[in-house]
Amino acid sequence: MLSTGAEFALEERWSGLGAGVSDRLVLLVLAAVAAPAAPLVLLRPVRRRDPQPSPDEETSAHG
């Protein structure tokens, strides 16, 4: 737990660091990460689970 003064000082420090980074740089970095990751995610093989019977199907099959 931080005191109010310590929390304010920490927020000011993070705000100062964030002000030094341009929005374009952030978007460029996000695009550089997303571009190679997108095909990996979108083209991965679909894993199908074995169909499991619903609770209603289980009770009707056993009894």
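This is a predicted model: local features need pLDDT of at least 70, side-chain atom pairs count only at pLDDT 80 or more; totals for chains, interfaces and linings use all residues.
Numbering runs from 1 along each chain as its sequence is written, and side-chain values use heavy atoms, with hydrogens and water left out.

**Whole chain.** Show the cartoon: you'll find 3 helices and 0 strands, in the order α-α-α. Helices here are DSSP runs of H or I with at least four residues, strands are runs of E with at least two, and numbering starts at the N terminus. Buried residues make up 0% of the 63 residues, where buried means under 20% relative accessible area, exposed over 50%, and partly exposed in between (1.4 Å probe, protein chains only).

**Colour by pLDDT.** That's the predictor's confidence in each residue, from 0 to 100. The chain's mean is 84, and 81% of its residues reach 70 or more.

**Select residues 23-42.** This is H2. Its 20 residues reach 27 Å from first C-alpha to last, close to the 28 Å expected at 1.5 Å a residue (the expected span is 1.5 Å times one less than the number of residues). Now pick proline 36, where H2 bends by about 30 degrees; that's the angle between axes fitted to the seven residues ending there and the seven starting there. The number of buried residues in H2 is 0, so the helix lies largely in the open.

**Finish on leucine 30.** Leucine 30 sits in H2. Is leucine 30 buried or exposed? Leucine 30 is exposed, with a relative accessible area of 52%.
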